[in-house]
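Please load the structure in your viewer and keep the selection panel handy.

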Amino acid sequence: MGRMAFLKMSADKQDTLLKMLVLAVCCILSFSVRLFSVLRFESVIHEFDPYFNYRTTRYLAEKGFYDFHNWFDDTAWYPLGRIIGGTIYPGLMVTAAAFYNVLHYFNITIDIRNMCVFLAPMFSSFTTIVTYHLTKQLSNSGAGLVAAAFMSVVPGYISRSVAGSYDNEGIAIFCMLFTYTLWIKSVKTGSVFWAVLCSVAYFYMVSSWGGYVFLINLIPIHVLACIVTGRYSHKIYVAYTTVYSVGTILSMQISFVGFQPVQTSEHMGALGVFGLCQIVSFINFLCARLSSAHFAILWQTMLYIVGTIFIGAVGFLTLSGKIAPWTGRFYSLLDPSYAKNNIPIIASVSEHQPTTWSSFYFDLQMLVFMFPVGLYVCFKNLKDYNLFIILYGVTSMYFAAVMVRLMLVLAPVMCILAGIGVNHVLTTYMKNLDSVAQKDKKGRTKSDNSYPMRNEVATGVVVMMTIFLSLFASHSVWVTSEAYSSPSIVLSARGGDGGRIIFDDFREAYYWLRHNTPENSKVMSWWDYGYQITAMANRTILVDNNTWNNTHISRVGQAMASTEDKAYEIMRELDVDYVLVIFGGLTGYSSDDINKFLWMVRIGGSTDRGAHIKESDYYTPSGEFRVDSEGSQVLQNCMMYKMCYYRFGQVYTEQNKPTGYDRVRNAEIGNKDFELDVLDEAYTTEHWIVRIYKVKDLDNRGNPRT
Amino acid sequence: MNAIKGSLILFIIGLFCHTASPKTKQEVLQEKVHQLMEWSNRRTVIQMGGSKFANYVKSKPRNYSVIVMFTALNPKRGCSVCQEASDEFTILANSYRFSPAYSNSLFFGVVDFDDGQDIFRTLGLNSAPAFIHFPAKGKRKAVDTYDIQRYGFHADNIAKWMAERTEIVVRIFRPPNYMGTVVLVLLFSLAGGLLYVRRNSLDFFYNKTFWGVLSIFIVLGMTSGQMWNHIRGPPYYHRNPQNGAIHYIHGSSQGQLVAETHLVMLINAAIVVGFALLSEVHNPEMEVSKRKVFAIGGLVMVVFFFSLLISVFRRKYQSYPYSLLIR
C-alpha cells in the first residue's frame with residue numbers, strides 16, 4: 001500500500017521526499033556519531049572550560065538572566081573574585097538554558113547537565129541542515145546533500161562538538177554558517193528583509209564566540225572583491241549597508257564586546273568597506289547623471305585632490321611619529337612566523353602550532369583534494385555568490401595552516417566545496433550510465449557527447465566515488481572513536497588482561513571535597529583544575545583557567561615551589577584550608593603536577609615577590625629535571641614534591657622495582673622518608689591520582705608549626 | 001752570528017721577565033683595557049678563543065664587565081636560531097658603540113663552540129645560544145645568565161637585562177631594513193607599470209583562469225604543510241647518523257620533512273588534475289578521440305595517487321587501519 005502511494009506521487013514530490021529523507025539520515029548520523037564518549041563512559045562534561053560553561057548555565061537556569069548578567073563570583077580567585085556577567089560570551093549558556101526552560105514548560109524534565117552534554121551534537125545536526133541550504137544557494141540541491149553528508153561526519157568539526165564538549169565552538173559553527181546562508185540569500189535577492197535576518201544571525205554569532213571577527217572581515221572582503229571585479233550592484237549595496245549598520249549596533253549590545261566594533265583595528269576593514277560602498281554608489285549616481293566629458297573632468301580633479309590629501313596625511317603622520325609603516329612591526333603582520341620565532345612561550349602552546357599535512361589529512365581525508373576540485377568547478381561557473389565561497393575557502397585555508405585550532409573554521413568550507421566537486425563529477429557520469437542513457441535515445445539521436453567505452457568509464461567513475469565516499473565515512477568514524485572521544489575527566493587504560501580499566505579519581509576527589517569539607521573552605525590547586533573544583537566540589541578556589549591575574553597565579557606557584565615553612569606563610573596569607581595536587585606516579589598518568597611543575601616555578605619566579613625562586617635551582621648541575629636521588633635538593637624539599645610523594649616511598653608500584661618507583665618519570669624517588677609539618681593528609685583517591693591535604697592551624701600558642 | 005741571535009733572544013726574554021714582574025695591577029689593567037678598546041673599535045663584538053677568554057674575561061684584575069654570547073654559528077652544528085640571536089646581539093653591541101653611554105667599562109664578546117669547547121664545559125653550558133654577563137666586581141650570579149627561554153633574544157629584551165646588570169642604559173638603534181621597502185616599491189612599480197602598459201586591455205586582471213590557478217596553488221601549498229615548513233624550518237631530508245640511511249618521510253605524525261611535503265603536494269595536485277581531466281571529458285568542444293584517453297587517464301590517476309597518499313600517511317601513522325591498492 002505504501003509503495004503504491006509512493007509511485008502515485010508526482011516526480012516533484014518524490015524528489016522532495018527523498019531529499020528530506022537523506023537530510024534526516026544525515027542529522028541522525030551527525031548526532032549519533034558524537035555519542036562515543038557517552039556510550040563508553042557516561043553522560044559527563046569533558047575537560048576544563050566546559051565545566052565553567054556548565055556551572056554558569058546552571059546558575060542561569062536557576063537564577064534567571066538578570067542575576068546572571070550581574071553575577072559577581074566570589075568563589076573564584078579568592079580573595080579577589082571575578083565579574084562573570086560582563087566577561088563572557090553568553091550565547092552558549094542562554095541557548096542551553098532556553099532549551100531547558102522550553103522542555104520543562106512541556107513537562108519534559110531533562111536534567112540541565114544532560115542538556116549541556118547533548119547540546120553540541122544537537123547543534124551539529126542543525127549545522128548539517130544549514131550546510132545543505134548554504135550549498136544549495138551556491139550550487140544546487142544535489143551538491144547540498146553531499147555537503148550535508150560530509151558535514152555530518154567530518155572529523156575536523158567533530159573534534160570540537162562531541163557529546164560533553166560543551167564549549168562555544170559547538171554552537172558557533174552553526175551560527176557562522178547560518179549567517180553566511182542568510183548573507184548569500186540577501187546578496188541574491190537584495191532585500192532588506194533577508195539582510196536584517198542576516199544581521200540578527202550575526203548577533204547570535206557575536207554572542208557566542210570571539211571568532212566572529214573572521215566573519216565581519218570576510219563579508220567586507222566579499223563586497224570589496226565584487227567592487228573590484230565590477231560585479232557591484234544595488235543588491236550588494238542594500239545587503240551590505242543593512243547588515244553592517246544593524247549588525248554592528250546589535251553586536252555592541254553584548255557587554256563583553258562593548259565599543260570594540262567602532263574602536264579596534266580588526267573591525268576597521270568593515271567600516272572602510274562600508275564607506276567605500278557609499279562612495280562607489282555616489283560615483284555611479286553621478287556617472288548616470290552627467291555627460292561623460294563632464295564626468296571625466298570631475299573624476300580627474302577628485303582623484304588628484306584625494307590622492308594629494310592621502311599622501312600628505314600619511315607623510316605628516318609618519319614624520320610626526322604617529323604611525324610607522326616602514327618598520328619591522330609592519331612586516332611582522334604579513335609574516336606569521338615572526339611572533340612564534342621570537343616569543344618562545346607562544347610557541348609552546350599546542351593549540352597555537354601550525355598545521356602539518358598529516359593533521360590536514362587526519363581531520364579532512366579526501367576533502368583535502370576534493371576541495372580544489374570544488375574550487376575548479378566554482379571558477380568554471382563564476383557568480384557573485386560563488387566568489388564568496390572561494391574567498392571563504394582561501395582565507396580560512398591560510399588561517400588553518402597557521403594555527404591548528406582554526407581547522408574548525410576551515411572544515412565547513414571544505415565540506416561545501418568538496419560537496420560541489422563530488423556532485424559535479426557524479427552528475428556528469430551518472431548521465432552516461434546505460435540505464436539512464438537509453439531514455440535519451442528515444443528523444444533524440446545519439447548525442448555528440450559520446451566516446452568509445454563511455455558506459456564502462458562511467459561505471460568506473462561511479463564505483464570509484466562510492467569507494468572513496470565509504471572510505472571517508474569509515475575514516476571519520478575511526479578518527480572520532482580513536483582520537484576525539486575521551487572525556488579526560490574519566491580516564492581509561494588497557495589492563496594486563498586486555499580489559500578496560502576506568503580511573504574515576506577526579507570525580508571521587510571532587511565529591512569528597514563537596515561532602516566532607518566546610519562550605520566556606522578555600523582550596524588551593526594549580527589553575528588547570530580551578531573550573532572543575534568550583535563546578536563539581538562547589539568550593540572556593542584561588543586561581544582558575546581564566547588566567548586573568550598573573551601575580552595571583554604566581555603566588556600559588558611560589559607556594560608550590562617553596563619549602564614547607566615559606567609555603568606555610570603564603571598559605572596563611574592566602575587563607576588556604578585545603579591543597580589539592582594531581583599525581584600520576586602510581587598509575588602512569590603523565591599530565592600530572594610534577595610534569596607541570598616547571599611551569600609553576602617559571603610563573604612563580606616571574607614576579608617581584610617570587611624573585612628568590614629560580615628555575616635553575618630545580619635542575620641537576622647538568623641541567624636535567626630528575627626526581628630520583630640525583631635530582632636537585634631544592635626540588636626534593638619543595639612543597640609540591642612532598643605533597644606528591646608523601647608516603648609514596650613505602651609503596652611497590654611495579655614488579656622487580658624498589659619501593660617508591662615513579663611510573664611516569666621511570667625513576668625511584670630520591671626523598672622517601674619524610675613527614676609533613678604543616679599539612680595533614682586529608683584524602684587520597686583510589687589510584688592516588690588526586691591527593692588532598694589539610695593545612696594545619698597555628699599551634700595552641702599561635703606559633704607556626706615548623 | 002748564531003751566538004748573537006741567541007743572546008738577543010735571551011735578552012728579550014730577560015727583558016720580558018724583568019718588566020712583567022714589577023708591573024703593577026694598574027698597568028696590567030690599563031694594558032688590557034687598551035687592547036680591548038682597540039679590538040672593539042675594529043669590531044664591536046670581540047671574537048674570543050680559549051686564551052683570549054681566559055685572559056680578558058676569566059682572570060682578575062678587571063674593572064670592566066663583559067657580556068659574552070656563547071654560540072655555534074658553524075652550519076655543521078645545525079643551530080638555526082644562533083644566526084638570528086647573533087644578529088640581535090650585534091645590533092645591541094652596535095647600539096652601545098654609538099650611544100652616549102659608550103665607555104671602557106663594558107665590552108661585548110662572542111665565543112663560538114668550535115673555538116672553545118672547553119669554555120662551554122667549564123661553564124656548564126649545554127645549549128647555544130647563551131648570553132652571560134661577567135661583572136667587573138664580585139662573583140657571577142645566576143641572574144647574570146640571560147634567560148632566553150623566557151625573554152627570547154630580541155635586542156630590546158637583552159638591552160633591558162643589560163641595564164639591570166650593568167646599569168648602562170642603551171637605546172636600541174636598528175639599522176633600518178630598507179630591503180622590504182625596496183622590494184615592495186619594486187613590486188608596486190612593476191605591477192603599476194604592467195597595468196599602465198596594458199591599460200587598454202586589463203582582461204588578464206579579470207581572467208578567472210589566472211585567479212583559479214593561483215587559488216588552487218595556494219590551497220595545495222597550505223594543505224601540504226608549507227606553512228609549517230616556513231615557521232618551523234625542518235630539514236629537507238633526514239640522514240640517520242648511524243647507518244647513513246636517508247629518510248624522506250618523518251616517522252611520526254607530529255613532524256614532517258620538506259621532501260615529504262613536496263611529495264604530498266605533488267600527489268594532491270595529481271589527484272586534482274585527474275579530476276579536472278574527468279570533468280573536461282564532457283566539454284563539447286573536445287575531439288571525440290581525446291575523450292577516451294582523458295577519461296581513462298583521469299580515472300587511473302585519481303585512484304593511483306589516492307592510494308599512494310594513504311600509503312604515505314600509513315608510514316607516519318602506523319596504526320591507521322585503511323589502505324587502497326598500495327599497502
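Is A:His267 buried or exposed? Select A:His267: this residue is buried, with a relative accessible area of 3%, where buried means under 20% relative accessible area, exposed over 50% and partly exposed in between (1.4 Å probe, protein chains only).

Before moving on, a word on conventions. This is a predicted model, in which local features need pLDDT of at least 70, side-chain atom pairs count only at pLDDT 80 or more, and totals for chains, interfaces and linings use all residues. Residues are numbered from 1 along each chain as its sequence is written, chains are lettered from A and ligands numbered from 1 in the order in which they are written, and side-chain values use heavy atoms, with hydrogens and water left out.

**Stop 1: around A:His267**

Helices (H or I, at least four residues) and strands (E, at least two) are DSSP runs, numbered from the N terminus.

**Stop 2: cysteines of chain A**

Now select the cysteines. How many disulfides does the structure hold? Over all chains there are zero, a disulfide being a pair of cysteine sulfur atoms within 2.5 Å. For A:Cys116, the nearest cysteine sulfur is that of A:Cys175, 16 Å away. A:Cys116 is buried at 1% relative accessible area. A:Cys415 is in no disulfide either, with the sulfur of A:Cys26 nearest at 11 Å, and A:Cys415 is buried too, at 0%.

**Stop 3: the sheet in chain B**

Switch to chain B, where four strands form an open sheet of mixed pairing in the order S1-S3-S2-S4. Two strands pair if DSSP finds at least two bridges between them. Colour the edge strands, S1 (45–48) and S4 (130–134) of chain B, each of which pairs on one side only. S1(B) runs parallel to strand S3 (residues 106–112) of chain B over four bridges, and B:Met48 stands opposite B:Val111 in S3(B).
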